[in-house]
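Colleague: I would like to go through a model with you, one item at a time. Please put it up first.

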Amino acid sequence: MFGVPLFLKLLVAHLAGDYLFQSSRVAEGKHRLGLLSLHGALHAALLALVWLTEPGSRRLAAALLVVLAAHLLTDLWTSRMEPRDLKVFALDQSLHLASLVAAVGIARPEQLAGAWREWLQVLARREPWLVVCGALIAVPAGAPVIGRWVRPFRAALEQRPDDPHAGLERAGRWIGMLERSVILAAVLTRAESLVGFVIGVKAVLRLPEARESRSRELAEYYLTGSLASLAWALLTALAVRGLVRGSPS
């Protein structure tokens, strides 16, 4: 049991406290001190379990108190932010994770130093940089490329007064980025069957809508954008996989 890194135990405790045992009432009302105290008691109990699985020491006790105090202060601050959107969620969880890393540095500095050395060894290799580069090309950089490719088709549709195809603002961009992310991951992990799943989902959800609302023009617009996005992600993923395979070990 003692061979498990402290960070992993703290992360399990954090996830259990924030997502497994936390009720929606507490999640929405942590700006109230009563509910925040209840949430803090739950996390204190989970951290006590972490204490029981580790060799006890003053440094560990101090680290666990830092985690608990940082968690409550973070929740007190972020729960008062409006609107409570994805940015606030990302800030909240980033601060929580930072407190876990700080706790490991206090209680088990040798584990933190070992993890840092392992990361440096990973970053010294060529393959991770190829994968990151490929991901940037396939996903975010693919958005303006595909957008410019389909711009003439979209412009032709927008010239018609009865344009029903606008959809949610920027939703198409995010759909394309998620689609290319899945395709890239599928090709790099040799799970190419997921590519067919992505194509099937888009065909089921988008083409019937296009046939009902605009018939041939909108169907061709969706098909052009989808195939361009698919081709961009596939070619990028195959290139990255070939380069990684040819990298010196």
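Colleague: With which residues is leucine 100 in contact, leaving aside its neighbours within four places in sequence?

Modeller: This is a predicted model, in which local features need pLDDT of at least 70 and side-chain atom pairs count only at pLDDT 80 or more, while totals for chains, interfaces and linings use all residues. Residues are numbered from 1 along each chain as its sequence is written, and side-chain values use heavy atoms, with hydrogens and water left out. Contact means heavy atoms within 4.5 Å. Leaving aside neighbours within four places in sequence, leucine 100 is in contact with Phe7, Leu10, Leu11, His14 and Val67.

Colleague: In which helix is leucine 100, and is leucine 100 buried or exposed?

Modeller: Helices here are DSSP runs (H or I, at least four residues; strands are E, at least two), numbered from the N terminus. Leucine 100 has its place in α5. Its relative accessible area is 2%, and buried means under 20%, exposed over 50% and partly exposed in between, with a 1.4 Å probe and protein chains only. Leucine 100 is therefore buried.

Colleague: At what angle do α1 and α5 pack, and how far apart are their axes?

Modeller: Two packed helices are described by the angle between their axes and the distance between the axes. Axes are lines fitted to C-alpha atoms, for helices over the stretch in contact, and angles run from 0 to 180 degrees between N-to-C directions. For α1 and α5 the angle is about 145° and the axes are 10 Å apart.

Colleague: How do the residues of the contact of α1 with α5 divide into nonpolar, polar and charged?

Modeller: Residues that make the contact include Leu6, Phe7 and Leu10 of α1 and Leu97, Leu100 and Val104 of α5. Ala, Val, Leu, Ile, Met, Phe, Trp, Tyr, Cys and Pro count as nonpolar, Asp, Glu, Lys and Arg as charged, and the others, Gly among them, as polar. The contact residues divide into twelve nonpolar, three polar and one charged.

Colleague: Which residues of α1 are buried?

Modeller: The cover over the buried part of α1 includes α3, α4, α5 and α6. The buried residues of α1 are Leu6, Lys9, Leu10, Ala13, His14, Ala16, Gly17 and Asp18.

Colleague: Which residues does threonine 78 contact, leaving aside its neighbours within four places in sequence?

Modeller: Threonine 78 is found in α4. It counts as buried because its relative accessibility is 5%. Leaving aside neighbours within four places in sequence, its contacts are Val88, Leu91 and Asp92.

Colleague: Which peptide bond is cis?

Modeller: Most residues other than glycine have a negative phi, and most peptide bonds are trans. Arginine 190, in the loop between α9 and α10, has a positive phi of about 60° although it is not a glycine. Proline 83 lies in the loop between α4 and α5. With omega near -10°, the cis bond is the one from glutamate 82 to proline 83.

Colleague: How many helices and how many strands does the chain have?

Modeller: Buried residues make up 33% of the 249 residues in the chain. Of the contacts with a separation of 6 or more, 73% are between residues 24 or more positions apart. The count is eleven helices and zero strands.
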